[in-house]
Amino acid sequence: MKVAPYILSRGNWISMAEFMELALYDEEAGYYSCNIKDIGYRGDFSTSATLCDLPARRIVAQWRESCKACGCRLPIIEIGGGNGDMAVAIRSAFNWKEKLFARHLMVDKSPALRKWQRLVAGSAVSICKSMEEALKKVNGKAFIFSNELPDAFPVRQFVYQGGEWLELGLAVVDGRVIRQADKQPLPASSVFSHWAKEGQVVEVHESYFRWYAEWQKYWKQGCMVTIDYGQTVDRLYYRRPAGTLRGYKAHTLLGADDLPALAGKCDITADVNFTDLMQLAGKNDGECLQYMSQRDFLLPMADIQKPEERHLVAEGGAGTYFNVLIQHRFCN
């Protein structure tokens with residue numbers, strides 16, 4: 001993907017969010033649209049779902065609790081199903097009755113991943129292109145979950161310089177694509193008041209906020225579980241003055257300045273601000289929220305004698321670096 005001509009065609013400056021949208025989701029050359037091959041040891045990055053079935057077993061347990069609280073068998077909507085491993089593991093965790101009657105829908109923006117999911121999960125899962133489509137199919141009642149979803153959304157990136165926040169984007173200078181700051185309106189986020197320190201770089205998942213707001217009116221009842229790496233705003237950028245934007249290629253970590261040259265050929269991600277997610281969820285009437293570490297979420301069902309499960313609940317590692325937000329809506 002040739003990024004420089006695109007930047008020049010847009011007035012020689014684009015935001016990092018616009019760059020990420022292009023690099024990840026361009027229909028002809030985007031990473032998720034065309035070039036992702038697999039997730040796990042054969043791909044560019046791994047998720048907890050590709051390591052073992054512990055997350056799936058815990059999701060099924062949470063689903064059962066939510067069904068009991070709501071007084072009905074809630075259809076499951078999985079957002080961003082990756083390579084389909086989680087869907088397969090969830091079905092394996094069902095009892096025989098659940099395998100017969102539970103509905104499992106999957107929503108994914110990536111055409112390449114939707115093809116993979118159909119192949120892996122088969123007819124047991126109904127594939128949808130949008131949350132609106134999925135929620136209409138289940139009349140607004142659903143148990144919704146995602147594993148490493150918000151981090152896949154394009155982020156706007158900002159730097160605090162000279163007593164103000166400036167937005168970082170890409171420009172072409174002397175034939176090279178470099179990051180360059182520009183004065184732009186700020187989105188709503190808890191990060192700006194907390195991390196106003198000279199030279200600090202931060203990210204805001206504004207595209208996720210917009211996407212989330214678009215389908216909320218269609219979700220009437222149920223539970224939503226969001227699992228991702230990140231922290232609350234007070235801890236998010238501790239010892240991270242350069243921010244958290246990065247890429248992965250063949251499990252190799254790439255810095256923010258490496259990304260333009262590999263646009264369309266690598267994953268791009270940033271840590272999630274869970275304070276923003278909680279504030280976003282709290283705008284809905286009748287919402288009850290729970291926030292915890294992945295360790296606290298998974299530990300009751302973990303077998304720490306198994307290395308892969310011990311890794312997911314490790315303190316100071318995946319157990320605390322990943323966190324979980326649970327939203328209960330209108331469940332009596």
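# Why the labels fit

User: Why is Glu133 called partly exposed?

Analyst: Its relative accessible area is 30%. Buried means under 20%, exposed means over 50%, and partly exposed lies in between (1.4 Å probe, protein chains only). Glu133 therefore counts as partly exposed. This is a predicted model, where local features need pLDDT of at least 70 and side-chain atom pairs need pLDDT 80 or more, while totals for chains, interfaces and linings use all residues. Residues are numbered from 1 along each chain as its sequence is written, and side-chain values use heavy atoms, without hydrogens or water.

User: What makes Glu133 and Lys137 a salt bridge?

Analyst: Their closest N and O atoms are 3.7 Å apart. The rule asks for a side-chain nitrogen of Lys or Arg within 4 Å of a carboxyl oxygen of Asp or Glu. The pair therefore qualifies. By this rule the structure has 14 salt bridges. Lys137 is also partly exposed, at 36% relative accessible area.

User: Where do Lys137 and Glu133 lie?

Analyst: Both are in helix H8 (residues 131–137), 4 residues apart, or about one turn of the helix. Helices are DSSP runs of H or I with at least four residues; strands are runs of E with at least two, and both are numbered from the N terminus.

User: How do you know that Glu167 and Arg156 form a salt bridge?

Analyst: The N to O distance is 2.7 Å, and the side chains meet. The pair links distant parts of the chain: Glu167 in strand S7 and Arg156 in strand S6, 11 residues apart. Glu167 has 2% relative accessibility, so Glu167 is buried. Arg156 has 13%, so Arg156 is buried too. Glu206 and Arg210 join Arg156 and Glu167 in a network of salt bridges.

User: Why does the salt bridge of Asp271 and Arg246 tie together separate parts of the sequence?

Analyst: The side chains meet at 2.9 Å, N to O. Asp271 lies in the loop between S13 and strand S14 (272–273), whereas Arg246 lies in strand S11, so the bridge ties together parts 25 residues apart in sequence. Both residues are buried.

User: What makes S6 and S7 a pair?

Analyst: Two strands pair if DSSP finds at least two bridges between them. S6 (residues 156–161) and S7 have 5, in the antiparallel sense. They therefore pass. Gln161 stands opposite Glu164 in S7. The two strands form a hairpin with 2 residues between them, and Gly162 in the turn has a positive phi of about 55°.

User: How many bridges join S7 to S8, and how many join S7 to S1?

Analyst: S7 and S8 (residues 176–182) pair antiparallel over 7 bridges. Val173 has Arg176 in S8 as its bridge partner. In this hairpin, again with 2 residues between the strands, Asp174 takes a positive phi near 55°. Strand S1 (residues 14–15) pairs antiparallel with S7 over 2 bridges. There, Ser15 stands opposite Gly169.

User: What makes S12 and S13 edge strands?

Analyst: The open sheet has 3 strands in the order S12-S11-S13, paired antiparallel. S12 (252–254) and S13 (267–269) each pair on one side only. S11 (residues 246–249) is joined to S12 by 3 bridges, and Tyr248 stands opposite Leu253 in S12.

User: How do you know that the buried residues of H5 share a side?

Analyst: In H5 (residues 85–93), Met86, Ala87, Ala89 and Ile90 are buried. They cover an arc of only 165° around the axis, which puts them on the same side of H5. The arc is that of the directions from the helix axis to the C-beta atoms.

User: Why is Leu100 called exposed?

Analyst: Its relative accessible area is 59%, so Leu100 counts as exposed. Leu100 is found in helix H6 (residues 96–101).

User: Why is Ala124 called partly exposed?

Analyst: At 29% relative accessible area, Ala124 counts as partly exposed. Ala124 sits in the loop between helix H7 (111–121) and strand S4 (126–128).
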